Amino acid sequence: MEEKHDSFRVGVDLVRVADVAETVAHFGDRYLRRIYTEHELASCTGVPEVAAASLAARFAAKEAVLKVLRPAGARPDWRDIEVHRDEVGACEICLTSSAARLAAEAGVTQLAVSLTHEHELAMAVVVAAVSRREVRVA
Amino acid sequence: MTDDVIRAVLAEHGRLAVDVAALDPDADLYQVGLTSHASVNVMLALEDSFDFEFPEQMLRKRTFESIAAIRAAVDGLTRAEVD
């Protein structure tokens, strides 16, 4: 059955790869365990430059998700927004705990994500299908 | 003392486009270059400096929007540690 939606939201974010590499070098495991899930850390392998680019893209995805969820108060824990990568390399967003609650409150029924990175920058775009119309008050 | 530590953390980790020493305590840090990722660095460095951990309910943009806002958060958390 086709899921009905009334509107879309789009979030985008850009992160400097060098910033993430420097943060990993400075804060190490504390940073990694605070921001990324086990699955994400397992997905971000390779030489440090490549791993940093993958981490930066995932951080951008988390921020892009926040832009579509639009939390009015406390933001979800970063690990409640996971970029899940399947065996062929396709990525999707998995929400848990407070991020999942925020999505439900916002009427978000589906999320799609696209990640990209070059040597210097990593970017993520997130599209959300929303199942009810937003009420705009003039 | 607390403000000095906060300014030192911002100078080292905030990647701001201005001189932190000259910043008004109420100046909007996002308007002077604080990014989401840099705010994570600031958060971790503040935790190192003051020996506490920011709880999830304080992880909001407003917590890091100014030196005064950070000061209020630090004061609240250090008081909670004492209590």
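**Figure 1. Ser97(A) sits in helix H5 of chain A, which covers residues 97-106.** Helices (H or I, at least four residues) and strands (E, at least two) are DSSP runs, numbered from the N terminus. Welcome to a predicted model, in which local features need pLDDT of at least 70, side-chain atom pairs count only at pLDDT 80 or more, and totals for chains, interfaces and linings use all residues. Residues are numbered from 1 along each chain as its sequence is written, while chains are lettered from A and ligands numbered from 1 in the order in which they are written. Although Ser97(A) is not a glycine, its phi is positive, at about 45 degrees. Around Ser97(A), 13 other C-beta atoms lie within 10 Å, which makes the residue partly exposed. Here a residue is called buried if 20 or more other C-beta atoms lie within 10 Å of its own, exposed if 12 or fewer, and partly exposed in between, with C-beta atoms placed from the backbone.

**Figure 2. Here is chain A as a whole, with 5 helices and 5 strands.** Read along the sequence, the elements of chain A follow the pattern β-α-α-α-α-β-β-α-β-β. Its C-alpha atoms fill a box of roughly 50 × 35 × 25 Å along the principal axes. Of the 138 residues in chain A, 36% are buried. Among the contacts in chain A with a separation of 6 or more, 66% join residues 24 or more positions apart. Two residues are in contact if their C-beta atoms, placed from the backbone, lie within 7 Å.

Figure 3. In soluble globular proteins, nonpolar side chains tend to be buried together. Helix H4(A) itself is mostly covered, with 17 of its 22 residues buried. Its end C-alpha atoms are 31 Å apart, in agreement with the 32 Å that its 22 residues should span at 1.5 Å a residue; the expected span is 1.5 Å times one less than the number of residues. After H4(A) comes Arg70(A), with a positive phi near 55 degrees.

**Figure 4. Two alanines, Ala56(A) and Ala64(A), are shown with their contacts.** Leaving aside neighbours within four places in sequence, Ala56(A) is in contact with Val15(A), Val17(A), Val20(A), His117(A) and Ala122(A). Ala64(A), placed in helix H4 of chain A, is buried, with 27 other C-beta atoms within 10 Å. With neighbours within four places again left aside, Ala64(A) is in contact with Gly11(A), Val12(A), Asp13(A), Ala124(A), Val125(A) and Val126(A). Val20(A) is 44 residues away from Ala64(A) along the chain, and their C-alpha atoms are separated by 17 Å.

**Figure 5. Helix H1 of chain A, residues 17-27, has Val17(A), Val20(A), Thr23(A) and Phe27(A) as its buried residues.** Seen down the axis of H1(A), these buried residues fall within an arc of 125 degrees, so they line one face of the helix. The arc is that of the directions from the helix axis to the C-beta atoms. What covers the buried residues includes S1 (7-16), H2 (29-35), H4, S4 (108-117) and S5 (121-130) of chain A, together with H2 of chain B. Just after H1(A), Gly28(A) has a positive phi of about 55 degrees.

**Figure 6. Now we turn to chain B, which has 3 helices and 0 strands.** Chain B is as compact as a globular protein of its length, because its radius of gyration of 12 Å is close to the 12 Å that the globule rule gives for 83 residues. Its C-alpha atoms fill a box of roughly 35 × 25 × 20 Å along the principal axes. Buried residues make up 29% of the 83 residues in chain B. In the loop between H1 (2-13) and H2 (36-50) of chain B lies Arg15(B), a residue other than glycine with a positive phi near 50 degrees. Arg15(B) is partly exposed, with 18 other C-beta atoms within 10 Å.

**Figure 7. Chains A and B meet where 9 residues of chain B are in contact with 14 residues of chain A.** On the chain B side there are 3 nonpolar, 4 polar and 2 charged residues. Ala, Val, Leu, Ile, Met, Phe, Trp, Tyr, Cys and Pro count as nonpolar, Asp, Glu, Lys and Arg as charged, and the others, Gly among them, as polar.

Terms used:
The radius of gyration is taken over C-alpha atoms; the globule rule is 2.2 Å times the number of residues to the power 0.38.
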